[in-house]
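The following paragraphs lead through the structure displayed below. Please keep the sequence and the 3D view at hand while reading.

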Amino acid sequence: MPRRHERARERPGPAIPVERPLTATPAWAQAGGAIVRAVTGEKGKTYRCPGCQQEIRPGTPHLVVIEEEDVEARRHWHTPCWKRELRRRGFTVA
Ligand SMILES: [Zn+2]
């Protein structure tokens, strides 16, 4: 039985870029219905994270959270603190 020709090897598609811009908001961060923006924290301003009461130093990428019930207030959260907060509120965060 003649060996069948193998099909030309399928070339892998373009690789999905691993790097993402720092300003891309992670999908999990919006679990609570809040508007969440990832920022690079390069404005030279120090914020206080409501989650841990620690400072968010300039240059630290973090999240700006605008909650539906309090759209006037923009709060700056450490990314892991916001994740913990969502979990605390009962959201499933990947
Ligand atoms: Zn924090």
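The bridge partner of E67 is D70, a residue of β5. The model in which this pair is found is a predicted one. Two residues separate β4 from β5, and the two strands form a hairpin. They run antiparallel and are joined by five bridges.

Read from the N terminus, the order of the elements is β-β-β-β-β-α. Of the chain's 94 residues, 18% count as buried. Considering contacts between residues at least 6 apart in sequence, 43% join residues at least 24 apart.

The helix, α1, spans residues 79-88. Which residues of α1 are buried? They are W82, K83, E85 and L86. Because these residues cover an arc of only 160° around the axis, they lie on the same side of α1. The other side of the helix carries R87 and R88, both of which are exposed. Burial here rests on a count of C-beta atoms: a buried residue has 20 or more others within 10 Å of its own, whereas an exposed one has 12 or fewer.

Against which elements do the buried residues of α1 pack? Their partners are β4 (62-67) and β5 (70-77). After α1 comes G90, with a positive phi near 95°.

Methods:
Residues are numbered from 1 along each chain as its sequence is written. This is a predicted model: local features need pLDDT of at least 70, side-chain atom pairs count only at pLDDT 80 or more; totals for chains, interfaces and linings use all residues. Helices (H or I, at least four residues) and strands (E, at least two) are DSSP runs, numbered from the N terminus. The arc is that of the directions from the helix axis to the C-beta atoms. Two residues are in contact if their C-beta atoms, placed from the backbone, lie within 7 Å. Two strands pair if DSSP finds at least two bridges between them.
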